[in-house]
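Take a moment with the sequence and the fold below. The paragraphs after it walk through the structure part by part.

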Amino acid sequence: MRDSIYILDRLVKRYGHREACNIAHMEIIRGEILGIIGPSGSGKSTLLRLLNLLEPPTSGSVTFDGTVFDGHTSVDIAVRRRMTMVFQNPLLFNTSVLSNVAYGLKVRGEKDNREKAYQFLDRLGMGDLAREHAATLSYGEAQRVALARALVLGPDVLLLDEPTANLDPFNVGVIEKLILQANREMGTTIVLVTHNVFQARRLAGRVALLLDGREVEVGPTEELFSQARDPRTRAFINGEMVY
Ligand SMILES: Nc1ncnc2c1ncn2[C@@H]1O[C@H](COP(=O)(O)OP(=O)(O)O)[C@@H](O)[C@H]1O
Ligand SMILES: [Mg+2]
């Protein structure tokens, strides 16, 4: 039997009459990189917020590591700390890079938070940015710092919403390397939302396609790219989908 860290069951999220997400059943395997692809408005960000237990589902449930969360369950801080989300346009605090990265550790009561943050930045090849003020960073550097700020907490699950949208190729490469490194070296389960099918193919072990809030198809990456069952998956992958 496979070891699923998440099990989604009849998970529905509505905003007013608008159904943003409706997943009959989905499992996320511990330690995998799952790519979620789909056009704009297909419910990718909504699904990530549900996985982050930030928003209660309208109906159905998210089971995280054996605990069932439905619209009425309160989320324990210890559970929330096991997952970290990097939003599409992350905001950095108006201080130094080092303070940004140390912040989460400090909140968690780590005494040597600044030293740890510095060592972590250095290990990621970003030690030279530590003293910079966040406001002076380029967009690409800021995205890297936001990822470092999430990774330094050593989460079991990293939820990434379009982590490289609007980035130059150099920074895309650096961020993709960091994502793979976190997965391989720390065993972090990663859910990577991207509208970039090439990125999903480069990084993910499995890929799921969402359309109109529903999962069209999920499968091992190479299988999905070479022999998708659903014609809509083939169309999306080949860039032929009109939306
Ligand atoms: N907070 C919200 N309030 C109202 N509608 C929302 C909200 N968040 C998302 N939606 C709607 O849900 C649908 C899915 O949105 P979203 O999850 O952001 O898609 P994606 O990330 O794939 O672009 C869209 O129609 C969007 O307008
Ligand atoms: Mg989105």
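What follows is a short tour, from the domains to the core, the ligand and some single residues.

Keep in mind that this is a predicted model. The protein is divided into two domains. Domain 1 takes in residues 4–92 + 137–237. Domain 2 takes in residues 93–136. Their C-alpha centres lie 25 Å apart. Where they meet, 11 residues of domain 1 are in contact with 15 residues of domain 2. On the domain 1 side, helix 5 supplies the largest share, six residues. That side of domain 1 has eight nonpolar and three charged residues, but no polar ones.

The largest nonpolar core has 67 residues. Seven residues with the most contacts inside this core are Ile36, Val101, Leu121, Val145, Ala148, Val191 and Leu192. Helix 5, residues 139–151, gives the largest share of the core, with seven residues. Both domains take part: domain 1 and domain 2 each provide at least three residues of this core.

Which residues does leucine 121 contact, leaving aside its neighbours within four places in sequence? They are Val101, Met126, Gly127, Leu129, Ala130 and Ala148. Val101 and Ala148 are also on the list of core residues with the most contacts.

Val101 leads on to helix 3, which spans residues 97–107. The buried residues of helix 3 are Val97, Leu98, Asn100, Val101, Ala102 and Leu105. These buried residues pack against helix 4 (113–123) and helix 5. After helix 3 comes glycine 109, with a positive phi near 85 degrees.

Now turn to the ligand. Which residues surround ligand 1? The shell consists of Tyr15, Arg18, Ala20, Gly38, Ser40, Gly41, Ser42, Gly43, Lys44, Ser45 and Thr46. By class, two of these shell residues are nonpolar, seven are polar and two are charged. Strand 2 (18–29) and helix 1 (44–51) each contribute at least two residues to the shell. Helix 1 gives the most, with three.

Helix 1 also has a buried side. Lys44, Leu47, Leu48, Leu50 and Leu51 are buried in this helix. They fall on the same side of helix 1, because they cover an arc of only 160 degrees around the axis. Leucine 53 follows helix 1, and its phi is positive, near 60 degrees.

From there, move to valine 62. This residue lies in strand 4, residues 59–64. Is valine 62 buried or exposed? Valine 62 is buried, because 24 other C-beta atoms lie within 10 Å, and 20 or more are enough for that label. Leaving aside its neighbours within four places in sequence, valine 62 is in contact with Tyr6, Leu8, Leu11, Leu50, Leu51, Leu53, Pro57 and Phe69. Valine 62 and leucine 50 are 12 residues apart along the chain, with their C-alpha atoms separated by 7.6 Å.

Valine 218 has other surroundings. This residue sits in strand 10, residues 214–220. Valine 218 counts as partly exposed, because it has 17 C-beta neighbours inside 10 Å. Leaving aside its neighbours within four places in sequence, valine 218 is in contact with Arg206, Val207 and Ala208. Arginine 234 is 16 residues away from valine 218 in sequence, and the two are 12 Å apart in space, C-alpha to C-alpha.

Arginine 10 has a phi near 40 degrees, a positive value in a residue other than glycine. Its place is in strand 1, residues 4–15. Arginine 10 is exposed, because 12 other C-beta atoms lie within 10 Å, and 12 or fewer count as exposed. Asparagine 166 is not a glycine either, yet its phi is positive, about 65 degrees. Asparagine 166 lies in the loop between strand 7 (157–161) and helix 6 (169–186). Asparagine 166 too counts as exposed, because it has 12 C-beta neighbours inside 10 Å.

Note on methods. Residues numbered from 1 in each chain as written. Chains lettered and ligands numbered in written order. Predicted model: local features only at pLDDT ≥ 70, side-chain atom pairs only at ≥ 80, totals over all residues. Near = placed C-beta within 6 Å. Helix = DSSP H or I, 4+ residues; strand = E, 2+ residues; numbered from the N terminus. Nonpolar A, V, L, I, M, F, W, Y, C, P; charged D, E, K, R; others polar. Core = buried A, V, L, I, M, F, W, Y, C linked by C-beta atoms within 7 Å. Domains from an automatic or database assignment. Contact = placed C-beta atoms within 7 Å. Arc of directions from axis to C-beta.
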